[in-house]
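Please examine the model shown below with its salt bridges and its nonpolar cores in mind.

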Amino acid sequence: MSTAFHPRGAGQPRYPVNVTNDSPSRVIVCRGAIATERRLLAEVARLAPANPDILGLPVRIIVPSRSLRLHLMRRLVVERGAVAGVVVQTLGGAVREISERSGGGPFIGVSGFEAIVRRLARGERALASELDDLSDGYDVVLGAIRDLIDAGFGPDHEEAVLER
């Protein structure tokens, strides 16, 4: 299902084409990671047909991190085998998709993120002296930075990190 927006006309609000009063879209809240995963797998089993010939609207699952996206995709395949009609994407991926489809401005993609992290890491003498000569040396820095971001580290944590 693609979400397209009608351009604003005189007195017309901007709204997604695929949203109707009987839209099945909803937010489900669970307590704990295991309970959430079980509920999500049950919902996918209920909503996504086992037979790809009867596909309807896709089931879209939006998660906060790349690592959770990969984990969930693995779990879906383990539980159901090949899964058609299910989209698992990060919040950032959903934002980029919406922006692209609505003609919005450019986003810094994965390659932009990687370029920024590599540039900043090269500016640190301790890292550059060990990693510059390796063909993929900065991948370890990228992984660490992604893990920190996935864990929720942000500007609010700077003081605590620098205390060391």
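Glu79 has a relative accessibility of 46% and therefore counts as partly exposed, a class lying between buried (under 20% relative accessible area) and exposed (over 50%), with a 1.4 Å probe and protein chains only. Its side chain meets that of Arg75 in a salt bridge, at 3.3 Å from N to O; the term denotes a side-chain nitrogen of Lys or Arg within 4 Å of a carboxyl oxygen of Asp or Glu. Because Arg75 and Glu79 are four residues apart in helix α2, about one helical turn separates them. Helices (H or I, at least four residues) and strands (E, at least two) are DSSP runs numbered from the N terminus.

The model is predicted, so that local features need pLDDT of at least 70 and side-chain atom pairs count only at pLDDT 80 or more, whereas totals for chains, interfaces and linings use all residues. Residues are numbered from 1 along each chain as its sequence is written, and side-chain values use heavy atoms, with hydrogens and water left out.

Arg75 also forms a salt bridge with the side chain of Glu37, at 2.8 Å from N to O. Since Arg75 belongs to helix α2 and Glu37 to helix α1, this pair ties together parts that are 38 residues apart in sequence. Arg75 is partly exposed at 24% relative accessibility, and Glu37 is likewise partly exposed at 22%.

Elsewhere, the side chains of Asp132 and Arg122 meet in a salt bridge at 3.8 Å, N to O. This pair links distant parts of the chain, ten residues apart: Asp132 lies in the loop between α5 (125-131) and α6 (139-150), and Arg122 in helix α4 (residues 110-122). Asp132 is partly exposed at 44% relative accessibility, and Arg122 is partly exposed with a relative accessible area of 45%. In the whole structure, a search finds seven salt bridges.

The interior comes next. In soluble globular proteins, nonpolar side chains tend to be buried together. A nonpolar core is here a set of buried Ala, Val, Leu, Ile, Met, Phe, Trp, Tyr and Cys residues joined through side-chain atoms within 4.5 Å. The largest such core has ten residues: Leu41, Val44, Ala48, Val59, Ile61, Val63, Leu72, Leu76, Val86 and Val88. Two or more residues of this core come from each of α1 (33-47), β1 (59-63), α2 (66-80) and β2 (86-90), and β1 gives the largest share, three residues. Leaving aside neighbours within four places in sequence, Leu76 is in contact (heavy atoms within 4.5 Å) with Leu41, Val44, Ile61, Gly81, Val83, Val86 and Val88. A second, separate core has seven residues, among them Ala128, Leu131, Tyr138 and Val141.

For the chain as a whole, there are seven helices and two strands, arranged along the sequence as α-β-α-β-α-α-α-α-α. Of the 164 residues, 16% are buried. Among contacts between residues at least 6 apart in sequence, 49% join residues at least 24 apart. The chain exposes about 12400 Å², of which carbon and sulfur atoms supply 56%, as computed by the Shrake-Rupley method with a 1.4 Å probe; for residues, only the protein chains shown count as cover.
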